[in-house]
Amino acid sequence: MCTPAGQDEYFLRIGDVVAGKDAPPPRLSQDELAERRRRAAELASTYRSEFL
């Protein structure tokens, strides 16, 4: 369960779609990982998310 509503969209915008639940996670370069973290932080307030 995600609360508040809309968190599913947040994760779709910052993550990568995988082939299935048993698929391995994507292998990201350090630059790609940094971009994901930047995007997550940038979008957090839009989706009322906080990093603790």
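Which side chain makes a polar contact with the side chain of Gln-7? Ser-49 does, at 3.1 Å. The model is predicted.

1. **Gln-7.** This residue is found in helix 1, which covers residues 7-14. Gln-7 is buried, with a relative accessible area of 7%. Its side chain has a polar contact with the side chain of Ser-49. A polar atom of the Gln-7 side chain also lies 2.7 Å from the backbone oxygen of Tyr-47. Keep Tyr-47 in view; it returns in the next points.

2. **Aromatic pairs.** How many aromatic pairs does a search of the whole structure find? The count is two. One is formed by Tyr-10 and Phe-11. Their ring centres are 5.4 Å apart, with 70° between the planes, and the pair is edge-to-face. The other joins Tyr-10 and Tyr-47. Here the centres are 5.5 Å apart and the planes stand at 50°, so this pair is tilted. Tyr-10 and Tyr-47 are 37 residues apart, and their pair links distant parts of the chain. Tyr-10 sits in helix 1, while Tyr-47 belongs to the segment after helix 2 (30-44).

3. **One cluster.** Tyr-10, Phe-11 and Tyr-47 make up one aromatic cluster. Are its members buried or exposed? Tyr-10 is buried, at 4% relative accessible area. Tyr-47 also counts as buried, at 10%. Phe-11 is partly exposed, with 45%.

4. **Arg-48.** Check the backbone at this residue. Phi of Arg-48 is near 55°, a positive value in a residue other than glycine. Most residues other than glycine have a negative phi. Arg-48 lies in the segment after helix 2. Arg-48 is exposed, with a relative accessible area of 59%.

5. **Helix 2, length.** Helix 2 has 15 residues. From first C-alpha to last, helix 2 reaches 21 Å. That is close to the 21 Å expected at 1.5 Å a residue.

6. Which residues of helix 2 are buried? They are Arg-36, Ala-40, Leu-43 and Ala-44. Seen down the helix axis, these buried residues fall within an arc of 110°, so they line one face of helix 2. They pack against helix 1. On the other side of helix 2, Gln-30, Asp-31 and Glu-42 are exposed.

7. **Ile-14.** Leaving aside residues up to four places away in sequence, what does Ile-14 touch? Its contacts are Arg-36, Arg-39, Ala-40 and Leu-43.

8. **Nonpolar core.** In soluble globular proteins, nonpolar side chains tend to be buried together. In this model, the largest nonpolar core has six residues. They are Tyr-10, Ile-14, Ala-40, Leu-43, Ala-44 and Tyr-47. Helix 1 and helix 2 are the elements that give two or more residues to this core. Helix 2 provides the largest share, three residues.

9. **Putting it together.** The backbone oxygen of Tyr-47 lies 2.7 Å from a polar atom of the Gln-7 side chain. The ring of Tyr-47 forms a tilted pair with Tyr-10. Tyr-47 is also part of the largest nonpolar core.

Methods
Residues numbered from 1 in each chain as written. Predicted model: local features only at pLDDT ≥ 70, side-chain atom pairs only at ≥ 80, totals over all residues. Heavy atoms only, no water. Helix = DSSP H or I, 4+ residues; strand = E, 2+ residues; numbered from the N terminus. Buried < 20%, exposed > 50% of the residue type's maximum accessible area, 1.4 Å probe, protein only. Polar contact = N/O pair within 3.5 Å; in protein donor to acceptor, adjacent residues only side chain to side chain. Phe/Tyr/Trp six-rings, centres within 6.5 Å; stacked < 30°, edge-to-face > 60°. Expected span 1.5 Å × (residues − 1). Arc of directions from axis to C-beta. Contact = heavy atoms within 4.5 Å. Core = buried A, V, L, I, M, F, W, Y, C linked by side-chain atoms within 4.5 Å.
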